[in-house]
Amino acid sequence: MPSECLPACSLCCRYVAIPIDPPTTRSSIEQMRWMVSHKDVWLYADDEGEWFVQFITPCEELDLVRNRCGIYEDRFSVCRLHGVASCEATLGEGTEARFFRSLREFDAYLESRRARRAG
Ligand code: SF4
Ligand code: SF4
């Protein structure tokens, strides 16, 4: 949540995203299928092809009424580094080319990838 944020925006304070192995092995695919089977656990790949698991849950330091950081001066370094130029409010939430909110969506991606490779 940088100081130049859009008014009352707190999109980036409402989830945790962790880098994960790409879906290139049977075990990583199975682990990703398991993760995305959980409510409010999503998968996506960024423009550089890095994969992430995203947990949709707000930061406890977010003032949910005012949509403001409650520890702004002491916020975490990851919060300080998050740039408005490339954030989800600017680019659009969930607009990554590969973004999966359910097992059904992820399985459809795996199936189309299989078909592409076979064809
Ligand atoms: S999503 Fe962007 S505009 Fe919104 S709070 Fe985060 S950095 Fe600011
Ligand atoms: S510490 Fe503040 S800026 Fe960082 S995620 Fe929490 S509410 Fe947002």
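## Close-up views of a predicted model

**View 1. Six residues form the largest nonpolar core.** Met 32, Val 36, Trp 42, Leu 43, Phe 100 and Phe 106 make up the largest nonpolar core. A nonpolar core here is a set of buried Ala, Val, Leu, Ile, Met, Phe, Trp, Tyr and Cys residues joined through C-beta atoms within 7 Å. Buried means that 20 or more other C-beta atoms, placed from the backbone, lie within 10 Å of the residue's own. Helix α1 (26–36) and strand β2 (41–45) are the elements that each give two or more residues to this core. Helices (H or I, at least four residues) and strands (E, at least two) are DSSP runs, numbered from the N terminus.

This is a predicted model, where local features need pLDDT of at least 70, side-chain atom pairs count only at pLDDT 80 or more, and totals for chains, interfaces and linings use all residues. Residues are numbered from 1 along each chain as its sequence is written, while chains are lettered from A and ligands numbered from 1 in the order in which they are written.

**View 2. Which residues does Phe 106 touch?** Leaving aside residues up to four places away in sequence, they are Met 32, Arg 33, Val 36, Leu 43 and Phe 100. Touching means C-beta atoms, placed from the backbone, within 7 Å.

**View 3. Ligand 1 has 13 residues around it.** Cys 5, Cys 9, Cys 12, Cys 87 and Ala 89 come nearest. A residue counts as near if its C-beta atom, placed from the backbone, lies within 6 Å.

**View 4. The protein has four helices and six strands.** Along the sequence they follow the pattern β-α-β-β-β-β-α-α-β-α.

Notes:
Buried ≥ 20, exposed ≤ 12 C-beta atoms within 10 Å, placed from the backbone. Contact = placed C-beta atoms within 7 Å.
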